[in-house]
Amino acid sequence: MYEHEKRLRSEEAPVIEEPSVKTAEEEPVIEEPSVKTAEEDGSEEIPKEKTGSAIPVDSEPEKKAEPRQEEPAAAETKKPVLCFVIDDVGNNLEDLERFLRVPGKVTFAVLPGLPASTEAAERVKAAGQELLLHQPMEAIGGVYPGPGLLTESMNGEERLACLESNLKSVPGAVGVNNHMGSKGTSSLELSSWLLETLKEKNLFFLDSRTTADSRIREAAGALNFIVLERNSMFLDNEKDIESLKFAVEAGKATAREKGHAVMIGHAVTSELADLMMHYYPSLIEEGFVIENLTYLLNEARKNDESAGN
């Protein structure tokens, strides 16, 4: 487990008026108008540059994950860092296996309470990859995000029971990010409860930024708690190869400008797994380092300590 006891300086998103809080960013995030997400149910609202709907994924024979190639540590090279997060793992194992064959570090966010949730989590850990609980939270419009839903209307005991049950179904998670949650993360009360509880459990939080009205950053500041945020467009808002390439290029530009990019895609997008396999050698040759979220947290902690905070 990692200790995440300090704050992280971040950009102030122009659309959110709130106290300045340390996050993993220094620059402003430019948010576009909320539109429909590319998550599997197509129901979440997110700021994004491109839109699209999920497409069916053909089944593939399960293949054994190949050993990951190790790239130079970013701390030694000071190269721009790319973090790839794959959401919505747990519906089946075939989708997961495609991404486990990608070389380098990938973070996997597993939904709770699904038929393949626990085995998917175990496979992620066995592959030496970073594991998150992909916590379902309420969406604007009332669309049901799935089992294990954490709501504002729950009392404290109900929330805790829900969260602990979800963590049990995703064993080994080192952090949490929100599944949907355009309504849930816009609640300061619920955001504060969630972050305080995660802090007690030595778990970190990644805000998927499914709404420009997220109060996560504000809640984190009051708790002196490190949070990370998605700071580049969703990778698979559209599934055609040119749109996927465009999204990766956008992440590369963000990393060059800000030092790192946190990019999120979805397990259902087999085309993204193929593209990541293809892109990996060229990303290393171009001077990028592929890291996980824990690396960003550790760097933020070091920066806070050096600043005397």
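**Cavity, helix and chain**

Guide: Helix H8 contributes the most to the lining of the largest cavity, with four residues. Helices (H or I, at least four residues) and strands (E, at least two) are DSSP runs, numbered from the N terminus. This is a predicted model, in which local features need pLDDT of at least 70 and side-chain atom pairs count only at pLDDT 80 or more, while totals for chains, interfaces and linings use all residues. Residues are numbered from 1 along each chain as its sequence is written, and side-chain values use heavy atoms, with hydrogens and water left out.

Visitor: What is the volume of the largest cavity?

Guide: The volume is about 60 Å³. A cavity is a set of points, on a 1 Å grid over the protein atoms alone, where a 1.4 Å probe fits but cannot get out; lining residues have an atom within 4 Å of a point. Grid points are joined across faces, edges and corners, and a volume is the space filled by probe spheres set on the points. A search of the whole structure gives one cavity of 30 Å³ or more.

Visitor: Which residues line the largest cavity?

Guide: They are Phe-84, Val-102, Pro-103, Val-106, Met-276, Tyr-279, Tyr-280, Leu-283 and Ile-290. By class, that lining has nine nonpolar, no polar and no charged residues. Here Ala, Val, Leu, Ile, Met, Phe, Trp, Tyr, Cys and Pro count as nonpolar, Asp, Glu, Lys and Arg as charged, and the others, Gly among them, as polar.

Visitor: Changing topic, why is helix H2 largely enclosed by the rest of the structure?

Guide: Seven of the eight residues of H2 (residues 93-100) are buried, so the helix is largely enclosed. Buried means under 20% relative accessible area, with a 1.4 Å probe and protein chains only. Among the buried residues are Asp-95, Glu-97 and Arg-98.

Visitor: What do the buried residues of H2 pack against?

Guide: They pack against strands E3 (81-89), E4 (107-110) and E9 (260-266), and against helices H3 (117-126) and H8 (270-285).

Visitor: And His-260, buried or exposed?

Guide: His-260 counts as buried, at 7% relative accessibility. His-260 lies in strand E9, and its C-alpha atom is separated by 9.2 Å from that of Val-289, 29 residues apart along the chain.

Visitor: How many helices and strands does the chain have?

Guide: The chain has nine helices and 10 strands. Of its 309 residues, 56% are buried.

Terms used:
Buried < 20%, exposed > 50% of the residue type's maximum accessible area, 1.4 Å probe, protein only. Contact = heavy atoms within 4.5 Å. 1 Å grid on protein atoms, 1.4 Å probe; cavity = no way out; pocket = protein on both sides within 12 Å on 5 of 7 lines; lining within 4 Å.
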